[in-house]
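My entries follow in the order I made them.

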Amino acid sequence: MAKRIVLAYSGGLDTSVAVKWLQEEMGADVIALAADVGQGGDFEAIRQRALAAGAVEAIVDDCRAEFADEYCAPALAANALYEGKYPLVSSLSRPIIAKHLVAAARAHGATAVGHGCTGKGNDQVRFEVSTRALAPDLELVAPVRVWGMTREDCIAYAAKHDIPLTVSKEKLYSIDENLWGRAIECGEMEDPWVSPPADVYALTKETVTDPIEFVVAFEAGVPVSIDGTRLPLFELIEKVGATVGAYGFGRLDMVENRRVGIKSRETYECPGALALIAAHRDLEDITLERDVHHEKARLEPRWAELVYDGLWFSPLKEALDAFVASSQKHVTGEVRLRCEPGRCFPNGRRSPVSLYDYGLATYDAADSFRHEDAEGFVRLWGLGVQTWAARQSRRGT
């Protein structure tokens with residue numbers, strides 16, 4: 001009986017070639033699994049492409065709701081931005097795909113799972129570490145790391161075996177998309193000095209110029225409605241992305257530090273993710289107690305780094321999740337977002353459990369702050385510094 005491998009299948013160049021290559025070089029029966037995490041496209045065509053490449057079976061799993069609820073929502077709660085910029089588009093989808101790969105391997109009696117990642121990318125780490133965390137007994141295969149073919153070689157290989165593709169020698173972009181955004185790399189953009197060509201953008205084409213405002217409501221840190229209309233989270237993310245993306249908002253052009261130790265020029269479109277993170281952070285400003293707010297801000301980069309590094313299923317990530325979840329109990333309320341050409345920003349926020357007290361904050365006649373208490377507070381707060389200055393500092397001499 002031939003070895004059975006469940007392959008993470010995107011329908012793109014590398015995974016299509018990988019189906020045939022695993023069949024020819026390893027004599028394996030390949031089961032192609034395509035996970036719908038909101039990237040769009042014709043999944044029946046993708047399924048047929050996998051079969052045309054030689055897969056014995058091709059599966060499409062609709063993961064959109066699960067991806068939004070169990071992966072995007074925690075990332076939003078953590079305001080996760082890797083290196084302060086990138087909202088973890090590809091990083092978020094890899095652990096859920098690994099989870100479905102393992103489930104398919106169990107269901108189909110496979111002894112291995114595979115992916116189409118290169119040896120210098122982050123995704124190999126995410127797929128393999130996640131798989132080993134969930135099913136340490138399964139073998140992992142990564143044909144792209146060993147076959148020695150260039151991108152042009154793969155295109156020629158696909159043509160030789162009549163595998164239909166949507167890539168050509170003239171446009172060598174690699175694109176990964178899901179509900180949370182879109183990543184574009186390769187081609188001329190591998191030179192960090194070259195501006196991204198206008199035709200690489202799909203989610204952030206400016207088609208609207210008249211400013212608008214809309215209100216996003218949150219319950220315990222999760223967005224639940226737009227202008228009073230409740231939506232499933234995956235639909236809400238799509239709607240916000242389409243709305244703000246039409247203003248040209250949500251582009252990132254950055255050089256990031258990959259887990260494998262190299263710097264990589266990356267271009268992203270993340271209109272929905274960046275708009276919702278901005279709204280969520282703004283709501284936290286009025287609902288989180290000061291020390292919780294500050295500590296959460298300190299831990300957020302670490303959470304993002306763990307996910308970027310492929311450690312979604314790890315004890316530290318699990319521990320940080322517990323802290324983040326606790327912090328979200330009272331992150332309930334509404335944020336008004338304003339869209340203008342190239343911009344999306346909060347310009348109003350309110351909450352039934354807001355810690356903003358008008359009587360304490362105002363300087364007008366409604367002021368309820370006990371000003372006479374401030375003198376003693378300030379004196380005690382600075383007492384240590386005052387003592388140091390009197391006994392040890394030489395600043396006054």
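**Entry 1: a pocket**

I started with the second largest pocket, and its volume came out at about 180 Å³. I kept in mind that this is a predicted model.

Next I asked which residues lie nearest the centre of the second largest pocket. I found Leu-179, Leu-203, Glu-238, Gly-241 and Ala-242 there, out of a lining of 15 residues. I then looked up which elements give two or more residues to this lining, and noted strand S6 (174–178), helix H8 (233–245) and helix H9 (271–287). H8 gives the most, with four residues. I sorted the lining of this pocket by kind and wrote down eight nonpolar, five polar and two charged residues.

**Entry 2: the whole chain**

I stepped back to look at the chain. I noted 14 helices and 14 strands. The C-alpha trace spans about 85 × 55 × 45 Å along its principal axes. How much of the chain do buried residues make up? I read 48% of the 397 residues.

**Entry 3: salt bridges**

I reminded myself that side chains of opposite charge can pair when their charged atoms come close. The cut-off I worked with is a side-chain nitrogen of Lys or Arg within 4 Å of a carboxyl oxygen of Asp or Glu. By this rule I have 33 salt bridges in my notes, and I looked at a few of them.

I took Arg-94 and Asp-123 to begin with, whose side chains meet in a salt bridge at 2.8 Å, N to O. Arg-94 is in helix H4 (residues 89–108) and Asp-123 is in helix H5 (residues 123–134), so this pair ties together parts that are 29 residues apart in sequence. Are these two side chains on buried or exposed residues? Arg-94 has 9% relative accessibility, so I filed Arg-94 as buried. Asp-123 has a relative accessible area of 16% and is buried too. The cut-off behind both calls is that buried means under 20%.

I then turned to Glu-295 and Arg-298, which form a salt bridge at 2.4 Å, N to O. Both lie in helix H10 (residues 290–308), three residues apart, which is about one turn of the helix. I wrote down Glu-295 as partly exposed, because its relative accessibility is 29%. Arg-298 counts as exposed because its value is 54%.

My last pair was Arg-343 and Glu-340, with their closest N and O atoms 3.0 Å apart. Arg-343 counts as partly exposed, at 43% relative accessibility.

**Entry 4: a strand residue**

I looked up Pro-346 and found it in strand S14 (residues 343–350). Pro-346 is partly exposed, since its relative accessible area is 22%. I also compared its place with that of Ile-59. Pro-346 and Ile-59 are 287 residues apart in sequence, and their C-alpha atoms are 41 Å apart in space.

**Entry 5: positive phi in a loop**

Phi of Glu-83 is near 55°, which is a positive value in a residue other than glycine. Glu-83 has a relative accessible area of 34%, so I marked Glu-83 as partly exposed.

Leu-88 is also placed in the loop between H3 and H4. Its phi is near 60°, again a positive value in a residue other than glycine. Is Leu-88 buried or exposed? Leu-88 is buried, because its relative accessible area is 0%.

**Entry 6: a nonpolar patch**

Which residues make the nonpolar surface patch of about 420 Å²? I wrote down Phe-377, Val-378 and Trp-381. Trp-381 lies in helix H13 (residues 372–381). I looked up the accessibility of Trp-381 and read 70%, so Trp-381 counts as exposed. The cut-off here is that exposed means over 50%.

Conventions
Residues numbered from 1 in each chain as written. Predicted model: local features only at pLDDT ≥ 70, side-chain atom pairs only at ≥ 80, totals over all residues. Heavy atoms only, no water. Patch = residues over 30% accessible without salt bridge, like charges linked within 9 Å, V, L, I, M, F, W, Y side chains within 5 Å. Areas by Shrake-Rupley, 256 points an atom, 1.4 Å probe, with all protein chains shown as cover. Buried < 20%, exposed > 50% of the residue type's maximum accessible area, 1.4 Å probe, protein only. 1 Å grid on protein atoms, 1.4 Å probe; cavity = no way out; pocket = protein on both sides within 12 Å on 5 of 7 lines; lining within 4 Å. Points joined across faces, edges and corners; volume = space filled by probe spheres on them. Nonpolar A, V, L, I, M, F, W, Y, C, P; charged D, E, K, R; others polar.
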